[in-house]
Amino acid sequence: MRTPDRTVILKNHSMTAASGEPTVLALDSAGSGCSVVVAAGGNVLAAEVCTTAHGQAERLLVMVDAAMRKSRLSPLELDIIGTTVGPGSFTGIRVGLAAARGIAFATGARSVGVTGFEAVAAGLASRADVQQSGFLLVALESRREDLYVQLFDYARRPLGKPTATMPAALATALSGLIGEAPLLVAGDAAQRAASMLQRSDTIVVEESGPEATGVLRAVLRRTRESENLPKPLPLYLRPPDVTVPTARQGTGR
């Protein structure tokens, strides 16, 4: 049975999780790299980051093990396993989902899905260098010509569903939605998106791709505001890059 107040040890200092705040293992492996965070409420106890664009399947669980050891928490003390669900690499998404579901099953924790867009938006809230006024456009790399985008309002609530769009169509779509209002552009494709907008009142947030810290912030925001905690289901904005062979027509085979 878990108690609402727990004391954990971080570098020989005593730290008590705030009453009612969950202990969270947050994962991200959907984009360019992977990261892991273990936190008691908003207090990050341990973090692991790998910026390599490939090899998430080999690295993620090793990083989880390292972060859990550094946190000095037992896996059974985890309340929530949060992971990004996409969009992004097909393999990376599946690796994160499998890890989150497996760890949740083994520990009895709850598994929660967070989109890459929500992780970016939530992560910005804790950055002192980011102006929080204005609309927010989160742009994520598709590794193709198009971009994955979602627009958020001043309170960082989504305005419409995420979509895949061609950069040339982005400026027209935004003008129709927000006119010339101030705009923040974040995400790992922020520079590419901003270069197509040609807007005067636009700020690009550097180094703002999805990561585990953003997953943590998104999960905590939902729990604090008593919002629904969605199950981790994959978010694909276009089919994976897989070609399925078909029998030749007219060969009789």
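How many salt bridges does the structure hold? The structure holds 11 salt bridges, a salt bridge being a side-chain nitrogen of Lys or Arg within 4 Å of a carboxyl oxygen of Asp or Glu. This is a predicted model, in which local features need pLDDT of at least 70 and side-chain atom pairs count only at pLDDT 80 or more, while totals for chains, interfaces and linings use all residues. Residues are numbered from 1 along each chain as its sequence is written, and side-chain values use heavy atoms, with hydrogens and water left out.

**The chain as a whole**

- The protein chain has six helices and 12 strands; helices (H or I, at least four residues) and strands (E, at least two) are DSSP runs, numbered from the N terminus.
- Of the 253 residues in the protein chain, 47% are buried. Buried means under 20% relative accessible area, exposed means over 50%, and partly exposed lies in between (1.4 Å probe, protein chains only).
- Among contacts between residues at least 6 apart in sequence, 61% join residues at least 24 apart; contact means heavy atoms within 4.5 Å.

- An open sheet of five strands has the order 5-4-3-6-7, with mixed pairing; two strands pair if DSSP finds at least two bridges between them.
- Strand 5 and strand 7 (110-114) are at the edges with a single partner strand each, so one side of each has no neighbour in the sheet.
- On average, neighbouring strands of this sheet are turned by 15 degrees against each other, direction ignored. Axes are lines fitted to C-alpha atoms, for helices over the stretch in contact, and angles run from 0 to 180 degrees between N-to-C directions.
- Strand 4 (residues 34-40) and strand 5 run antiparallel and are joined by seven bridges. Valine 37 has alanine 47 in strand 5 as its bridge partner.
- Helix 2 (residues 90-107) lies across strand 3 (23-28), strand 6 (80-84) and strand 7, and runs at about 175 degrees to strand 6.

**Glutamate 48 in strand 5**

- Glutamate 48 is in strand 5 (residues 43-50). Its relative accessible area is 16%, so glutamate 48 counts as buried.
- The side chains of glutamate 48 and lysine 70 make a polar contact at 2.4 Å. A polar contact is a pair of N or O atoms within 3.5 Å; within protein, one must be able to donate a hydrogen and the other to accept it, and residues adjacent in sequence count only if both atoms are side-chain atoms.
- Leaving aside residues up to four places away in sequence, glutamate 48 touches residues including Cys34, Val36, Met63 and Lys70.

**Salt bridges**

- Glutamate 141 and arginine 192 form a salt bridge, with the closest N and O atoms 3.0 Å apart. This pair links distant parts of the chain, since glutamate 141 is in strand 8 (residues 135-141) and arginine 192 is in helix 5 (residues 190-197), 51 residues apart.
- Glutamate 141 is partly exposed at 28% relative accessibility, and arginine 192 is partly exposed at 27%.
- Arginine 157 forms a salt bridge with glutamate 225, with the closest N and O atoms 2.5 Å apart. Arginine 157 is in the loop between strand 9 (147-152) and strand 10 (163-165) and glutamate 225 is in the segment after helix 6 (212-224), so the pair ties together parts 68 residues apart in sequence.
- Arginine 222 and glutamate 227 meet in a salt bridge at 3.7 Å, N to O. Arginine 222 is buried at 16%, whereas glutamate 227 is partly exposed at 25%.
- A network of salt bridges links Glu118, Arg157, Arg221, Arg222, Glu225 and Glu227.
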